[in-house]
Amino acid sequence: MTTDRTVRPARPEDARRLAELRWMFKEEDHERRPPASARSLEEAERWIRDRLAGGH
C-alpha cells in the first residue's frame, strides 16, 4: 500500500500543528510532562508563526 505525501516548506498557517507536534516531542522526552521551561502551546504557536511569516 502506498500513500502519496507532499513535502513542502512550512507556512504561517501551519504554526498550530507544528506547536502541537513540538509539545508532543517535549512530553515524550520528559515522561509525559514537558520541562517547566517549555513554552506553552500558545506561546510556541506565536513564536513559530512569527518565524514562518518572517521567512525562516
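View 1. Pro12 is partly exposed, with a relative accessible area of 27%, where partly exposed denotes values between buried, under 20%, and exposed, over 50% (1.4 Å probe, protein chains only). The model is predicted: local features need pLDDT of at least 70, side-chain atom pairs count only at pLDDT 80 or more, and totals for chains, interfaces and linings use all residues. Residues are numbered from 1 along each chain as its sequence is written, and side-chain values use heavy atoms, with hydrogens and water left out. Pro12 belongs to the segment before α1. Apart from residues up to four places away in sequence, Pro12 touches Arg49, Leu52 and Ala53; contact means heavy atoms within 4.5 Å. The C-alpha atoms of Pro12 and Arg46 are separated by 9.5 Å, although these residues are 34 residues apart along the chain.

View 2. Glu13 is exposed, with a relative accessible area of 55%, whereas Asp14 is buried, with a relative accessible area of 16%. From C-alpha to C-alpha, Glu13 and Ile48 are 9.8 Å apart in space and 35 residues apart in sequence. Asp14 touches Arg8 and Pro9, when residues up to four places away in sequence are not counted.

**View 3. The protein chain and its two helices.** The secondary structure of the protein chain consists of two helices and zero strands; helices (H or I, at least four residues) and strands (E, at least two) are DSSP runs, numbered from the N terminus. Of the 56 residues in the chain, 18% count as buried. Among contacts between residues at least 6 apart in sequence, 52% join residues at least 24 apart.

**View 4. The crossing of α1 and α2.** The axes of α1 (residues 15-29) and α2 come within 8 Å and cross at roughly 130°. Axes are lines fitted to C-alpha atoms, for helices over the stretch in contact, and angles run from 0 to 180 degrees between N-to-C directions. The two helices α1 and α2 are therefore oblique to each other, since angles under 35 degrees count as roughly parallel, over 145 as roughly antiparallel, 65 to 115 as roughly perpendicular and the rest as oblique.

**View 5. The contact of α1 with α2.** From α1, Ala15, Arg16, Leu18, Ala19, Glu20, Arg22 and Trp23 meet Leu41, Glu42, Ala44, Glu45, Ile48, Arg49 and Leu52 in α2. The residues of this contact divide into eight nonpolar, no polar and six charged; Ala, Val, Leu, Ile, Met, Phe, Trp, Tyr, Cys and Pro count as nonpolar, Asp, Glu, Lys and Arg as charged, and the others, Gly among them, as polar. Leu41 is in contact with Arg16, Ala19, Glu20 and Trp23, leaving aside neighbours within four places in sequence.

**View 6. The largest nonpolar core.** Ala15, Ala19, Leu41, Ala44, Ile48 and Leu52 are the six residues of this core. A nonpolar core is a set of buried Ala, Val, Leu, Ile, Met, Phe, Trp, Tyr and Cys residues joined through side-chain atoms within 4.5 Å. Helix α2 gives the most to the core, with four residues.

**View 7. Glu43 in helix α2.** Glu43 is placed in α2 (residues 41-53). Glu43 is partly exposed, with a relative accessible area of 39%. The C-alpha atoms of Glu43 and Ala19 are separated by 8.7 Å, and the two residues are 24 residues apart along the chain.
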